[in-house]
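Subject: Handing over the structure

Dear colleague,

Please find the structure below, followed by a careful account of what was found in it.

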Amino acid sequence: MTAAEQWNWVLLAYGFAYVVLVLFVVSIGVRISRVRARLGDGS
Amino acid sequence: MTDPTPTSTSTTWPWIVMAVAGLVTFVASMTVSPDAVQGQLSRIMYVHVPSAWLAYLAFIVTMAASAMYLWKRDLKWDRRAAASAEIGVVFTGMALGLGMIWAKPTWGVWWTWDARLTLTSIMFFIYLGYLALRRTTDDLDVRARRAAILGVLAVVQVPLVHFSVEWWRTLHQPATLLRPEGPEMATSMLVTLLIAVMAFTVMYVAMMFKRIELGRLEDAVLIAEQASDGAVAGAAVTTPTIGRGTA
């Protein structure tokens, strides 16, 4: 396997990992905002 | 039981810490020299191993917080257990996914029914079950008690997964860091791996702060809704008017 092919796998792995992390963190933020809105709390 | 405080101030530092931890891991793992045998593929280790470590850590914290709930009956421990379990499920899923991406170019297959892989996937589904169990009732105390019992019992998966590579003949390599003889790898790779593990651990702590804040707010909503329902039901009940009807 060439170095370029190996880099493709590395980019796939890091892309997967960081997309999962960003989606999870954003989901926490969105849920906090929604619940605060339901409570009528703008902070 | 501790009542949640819905108007507590929302902190912003955990978001910054998470971003910095992610950036540190990325820069460290992209600048280290590649492995002599695996070449560039070895870079996957710097996110795969920290993800697996956080899965262990998160489920051990879930167990400890669950035990504290069963002892103190304070809902703050239930919220900590739930927060850690959710984060643990995410990192277990990441460890599995990254392992599959690493396995294809090195082993030639995406998946094999190896002891480590099989037990990790069982652990993943058991903690998904823990999160599903929490959605079966709106009674905060019942939910906390049921989840705490499972949270204490399910941690048996962690040593099973970790020692599976020692107890069974597996395709997966033995432990890299947590081994009795100490770590066995080039110093530059070891330092990078430790940086990644520490950065991910800091990220976990920051995630816990925000996820616990979310749990506190969700409990406050539940309590407010239940109080509101009770008030409506009470208002609907009127004194019987026997003998004063028109019929």
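What covers the buried residues of H6(B)? The cover includes H2 and helix H4 (115-133) of chain B, where helices (H or I, at least four residues) and strands (E, at least two) are DSSP runs, numbered from the N terminus.

Before going further, please note that this is a predicted model, in which local features need pLDDT of at least 70 and side-chain atom pairs count only at pLDDT 80 or more, while totals for chains, interfaces and linings use all residues. Residues are numbered from 1 along each chain as its sequence is written, and chains are lettered from A and ligands numbered from 1 in the order in which they are written.

Chain B has seven helices and zero strands. Of its 247 residues, 39% count as buried (20 or more other C-beta atoms within 10 Å of a residue's own; exposed means 12 or fewer, partly exposed lies in between, and C-beta atoms are placed from the backbone).

In helix H6 (residues 157-167) of chain B, the buried residues are B:Gln157, B:Val158 and B:Val161. Seen down the axis of H6(B), these fall within an arc of 140° (the arc of the directions from the helix axis to the C-beta atoms), so they line one face of the helix. On the other side of H6(B), B:Pro159, B:Glu166 and B:Trp167 are exposed.

Helix H2 (residues 45-72) of chain B also packs with helix H5 (residues 140-153) of chain B, at an angle of about 135° and with the axes 8 Å apart; axes are lines fitted to C-alpha atoms, for helices over the stretch in contact, and angles run from 0 to 180 degrees between N-to-C directions. The two helices are therefore oblique to each other (under 35 degrees counts as roughly parallel, over 145 as roughly antiparallel, 65 to 115 as roughly perpendicular and the rest as oblique). Among the residues that meet are B:Thr62 and B:Met63 in H2(B), and B:Ala144 and B:Ala147 in H5(B), a contact being C-beta atoms, placed from the backbone, within 7 Å. By class, this contact has eight nonpolar, three polar and no charged residues (Ala, Val, Leu, Ile, Met, Phe, Trp, Tyr, Cys and Pro count as nonpolar, Asp, Glu, Lys and Arg as charged, and the others, Gly among them, as polar).

In the loop between H2 and helix H3 (75-107) of chain B lies B:Arg73, which counts as partly exposed, with 15 C-beta neighbours inside 10 Å.

How values were computed. Contact = placed C-beta atoms within 7 Å.
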